[in-house]
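Please look over the sequence and the structure before reading on.

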Amino acid sequence: MIKNFIFSLFFLLGCGVLSAQPLKRNLPFNIQKTETKQEERATVSMKDFRYQSQRTSSAGLIYSMQTKPGLALLSSALVPGLGQAANNKWLRAGVYFAADVILLIAHLRTQDRAEQLHQNYKQFANNNWSVVTYAKWLVDYHQQNGISNPHIDDLEQQVQGQDPAYDPNTDWNVVDLKLLRNVERNTPYVFPEQTGNIFSHVMPGYGSQQYYELISKYYQFGPGWNNFGMNRQGESLDSIYQLAWNGSDMPPHFFQGATLADQFNDKYRIAGNMLAYMILNHVVSAFDAFITVKLNISRLEATPGIFGPQQFSLKYHF
C-alpha cells in the first residue's frame with residue numbers, strides 16, 4: 001500500500017513536469033511556472049510534499065482537534081478519550097473514558113461510605129465518652145497520687161456533684177475547656193513503677209476532627225470512656241489511677257472507638273487514591289492525544305537531495 005502510494009506520487013510528479021498547466025488543477029500542491037529562454041521548467045516547493053490530511057473540512061472543533069496537538073491535549077485533559085475519539089482512535093478513547101467513569105464511581109461510593117462510618121463513630125463517641133467523666137477522674141488521679149497542680153482545685157469545683165450525661169451538649173457546659181487544658185499541661189503520667197513525663201496532649205475543642213481522633217488514640221483520654229475501670233477483656237482493674245504504659249488498662253470502648261476510627265480513615269484513604277488515579281488518567285490521556293496528533297501531521301515529509309531541489313527523498317513515519 002505504501003509502495004503504491006509513493007509510486008503514484010512519483011508518477012504524478014513526472015506528469016507535472018511534462019505538462020504543468022493541465023495537471024495544475026488536479027495536483028494536491030501548487031506548481032509555479034518559470035519560463036526560460038531554452039525551456040519551461042516547474043519549480044516544486046518542499047512544503048508541497050508534507051503530509052496533507054484527506055479530510056476536506058477545514059473548520060469546526062473536530063477538525064481543530066485533528067490538526068492542533070495543543071487543543072487535542074486540552075480536550076483529553078478535560079474529558080479523557082475525547083482527543084483520541086476525534087482522531088478515530090476509538091479503542092484508546094473507550095479505555096480512557098471508561099477508566100475515568102469507573103474511578104469516579106468508585107471514588108464517590110467510597111467517599112460516601114467513609115462519611116457514613118465517620119458519622120457512626122461520632123455517634124458512638126458522643127454516647128460513650130464524657131468530658132465530665134474525664135475531668136472527675138483527673139481530680140481523683142491527682143488526689144490518689146499526691147500530684148500538685150495549681151489548677152486542679154478549680155476543676156474540682158466545676159465537676160463536684162456533677163454526673164456525666166454522655167450528651168456533649170450537656171457535659172461541655174459543665175467543664176471549661178481552657179481550665180481543663182491548664183490542668184493537663186501540669187499533669188504527669190503515673191505508672192505502676194514510676195512517674196513519667198507531663199501529658200503529651202491537651203483536649204481539642206469538642207466537635208473538631210482532632211477531638212474525635214484523640215479520645216480513642218491516646219491513653220490519657222481513656223478514663224473518659226464510660227466503661228473505664230476494666231481492661232480490654234472486661235476484667236476489673238486493680239487500680240484506675242496508675243496508667244499502664246502499654247495501654248493494657250484501656251477499656252473495651254476505647255479499642256472499639258479506635259477500630260471504628262481506623263475503618264473510616266481507611267475508606268477516606270482509598271477514596272483519595274481513586275481521585276489520584278483519576279487525575280493520572282486525565283494526564284496520560286492528554287499526552288497520548290497530543291502525541292497522536294503530532295504523529296498524524298508529520299507522517300510524510302520531503303527533504304531535498306544532495307543534487308539540489310530537483311531531487312528529493314520521501315519519508316513515511318509510522
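**Salt bridges and a cavity**

Arg92 and Asp288 form a salt bridge through their side chains, with N and O 2.8 Å apart. This pair connects distant parts of the chain, since Arg92 belongs to helix 6 (residues 90–128) and Asp288 to helix 12 (residues 252–296), 196 residues apart. The model is predicted.

**The salt bridge between the helices**
- Arg92 is partly exposed because its relative accessibility is 32%.
- Asp288 has a relative accessible area of 16%, so Asp288 counts as buried, the limit for buried being under 20%.

**The other salt bridges**
- The count of salt bridges comes to three.
- Asp266 is paired with Arg269 in one of them, where the closest N and O atoms are 2.6 Å apart.
- Both Asp266 and Arg269 sit in helix 12, three residues apart, which is about one turn of the helix.
- Asp266 is partly exposed at 38% relative accessible area, and Arg269 is also partly exposed, at 49%.
- Glu213 and Lys217 form another salt bridge, with 3.5 Å between the closest N and O atoms.
- Glu213 is partly exposed at 35% relative accessibility, and Lys217 is partly exposed at 45%.

**The cavity**
- The count is one cavity of 30 Å³ or more.
- The volume of the largest cavity is about 30 Å³.
- Its lining consists of Trp129, Ser130, Val131, Asp167, Pro168, Asp171, Trp172 and Tyr211.
- Sorted by class, the lining of the largest cavity has five nonpolar residues, one polar residue and two charged residues.

Terms used:
Residues numbered from 1 in each chain as written. Predicted model: local features only at pLDDT ≥ 70, side-chain atom pairs only at ≥ 80, totals over all residues. Heavy atoms only, no water. 1 Å grid on protein atoms, 1.4 Å probe; cavity = no way out; pocket = protein on both sides within 12 Å on 5 of 7 lines; lining within 4 Å. Points joined across faces, edges and corners; volume = space filled by probe spheres on them. Nonpolar A, V, L, I, M, F, W, Y, C, P; charged D, E, K, R; others polar. Salt bridge = Lys/Arg side-chain N within 4 Å of Asp/Glu carboxyl O. Helix = DSSP H or I, 4+ residues; strand = E, 2+ residues; numbered from the N terminus. Buried < 20%, exposed > 50% of the residue type's maximum accessible area, 1.4 Å probe, protein only.
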